[in-house]
Each structure stands twice: as C-alpha cells, then as structure tokens.
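This report covers a predicted model. It takes the nonpolar core, the aromatic side chains and the charged pairs in turn.

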Amino acid sequence: MSEQALFDVAAQGGIRLAAVIAGTCAFNPADFVQYRQIIALLKRDRDADIALYGRKMDEVYACVQRLDALRRTMPEDSRPVRKVKAEIVRLIDVIDRARGRVVERSRR
C-alpha cells in the first residue's frame with residue numbers, strides 16, 4: 001500500500017473520529033480496527049514526519065476514547081471535556097503540519 005493510500009485510509013478514520021468529537025455519533029472501537037492497523041504501520045515508518053503523523057493520530061484516538069468516557073459522566077461544557085477537546089485541536093494542528101511536510105517533500 002502506498003503512503004498516499006495509507007494517508008487516505010487514516011483520513012477516513014479521522015472523519016469518523018471527527019463525528020464522535022462533534023457528538024453526532026457514538027464511539028465504537030470496532031469501527032476503528034482498520035484505522036488502528038494503518039496508524040500502527042505509520043508509527044513504524046522510517047521517515048520521521050510519517051512516524052510523527054502516526055503517533056499523533058494514535059494520540060487523537062486515545063483522546064477521543066477519553067472524551068467519550070468523560071461525556072458519559074460529565075456535561076459537555078465541563079472543564080475536563082473542554083481540556084480534552086483543546087488537546088485534540090492541538091494534535092490535529094501538529095498532524096496537519098506533518099502531513100504538509102510529507103506532501104511537500106513528495107512533490108520535489
């Protein structure tokens with residue numbers, strides 16, 4: 001599987017994670033089996049930017065799990081829920097920069 005195909009599958013998983021973050025669908029770990037496998041491959045890549053991308057996507061997945069657990073016990077506007085959402089935003093920014101570097105390098 002090419003790097004671009006791996007990124008595309010990871011992006012599709014990211015879309016499902018975004019729906020969970022937005023609260024439009026429930027979190028079900030079984031929906032993310034292929035996503036987790038792809039992320040495991042990306043984390044082991046020799047390229048530092050691709051490995052960073054994989055690690056941060058894995059951290060986003062862990063944050064979404066935490067967010068789901070917090071939402072069951074706390075209101076949406078509680079501080080712990082807001083902190084997890086802020087962490088997800090920060091991670092997504094890092095992911096965007098890493099992906100941009102990989103795309104830029106592939107164009108050369």
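In this predicted model, the largest nonpolar core holds 31 residues. Leu17, Leu42, Tyr53 and Val64 touch the most other members. Four helices each supply at least two residues of this core: H1 (3–22), H2 (33–43), H3 (48–73) and H4 (79–107). H3 gives the largest share, 10 residues.

What does Val64 touch, leaving aside residues up to four places away in sequence? The list is Leu17, Val20, Ile21, Phe27 and Ile88. Two of these names return below: Ile88 among the buried residues of H4, and Phe27 in the aromatic cluster. As a general point, nonpolar side chains in soluble globular proteins tend to be buried together.

**Helix H4**

H4 has 29 residues. From its first C-alpha to its last it reaches 42 Å, close to the 42 Å expected at 1.5 Å a residue. Its buried residues are Val81, Val84, Ile88, Leu91, Val94, Ile95, Ala98 and Val102.

**Aromatic side chains**

The whole structure contains five aromatic pairs. One of them joins Phe27 and Phe32. Their ring centres lie 5.6 Å apart and their planes meet at 20 degrees, so the pair is stacked. Both residues are buried.

Phe27 also pairs with Tyr61. Here the centres are 5.7 Å apart, with 55 degrees between the planes, and the pair is tilted. This pair links distant parts of the chain. Phe27 sits in the loop between H1 and H2, Tyr61 in helix H3, and 34 residues separate them. Are these two partners buried or exposed? Phe27 is buried, at 11% relative accessible area. Tyr61 is buried too, at 5%.

Phe27, Phe32, Tyr35 and Tyr61 form one aromatic cluster.

**Salt bridges**

Side chains of opposite charge can pair when their charged atoms come close. A search of the whole structure finds 11 salt bridges.

Asp58 lies in helix H3 and Lys43 in helix H2, 15 residues apart, and the pair links distant parts of the chain. Lys43 counts as partly exposed, at 34% relative accessibility.

Asp49 is buried, with a relative accessible area of 13%. Arg101 is partly exposed, at 38%.

Both residues also belong to a network. Salt bridges link Asp47, Asp49, Arg101 and Arg105.

Asp93 and Arg97 are both in helix H4. How are they separated along that helix? They are four residues apart, which means about one helical turn. Asp93 is partly exposed, with a relative accessible area of 39%. Arg97 is partly exposed as well, at 46% relative accessibility.

Definitions and conventions
Residues are numbered from 1 along each chain as its sequence is written. This is a predicted model: local features need pLDDT of at least 70, side-chain atom pairs count only at pLDDT 80 or more; totals for chains, interfaces and linings use all residues. Side-chain values use heavy atoms; hydrogens and water are left out. A nonpolar core is a set of buried Ala, Val, Leu, Ile, Met, Phe, Trp, Tyr and Cys residues joined through side-chain atoms within 4.5 Å. Buried means under 20% relative accessible area, exposed over 50%, partly exposed in between (1.4 Å probe, protein chains only). Contact means heavy atoms within 4.5 Å. A salt bridge is a side-chain nitrogen of Lys or Arg within 4 Å of a carboxyl oxygen of Asp or Glu. The expected span of a helix is 1.5 Å times one less than its number of residues. Rings of Phe, Tyr and Trp (its six-membered ring) pair if their centres lie within 6.5 Å; planes under 30 degrees apart count as stacked, over 60 as edge-to-face and the rest as tilted.
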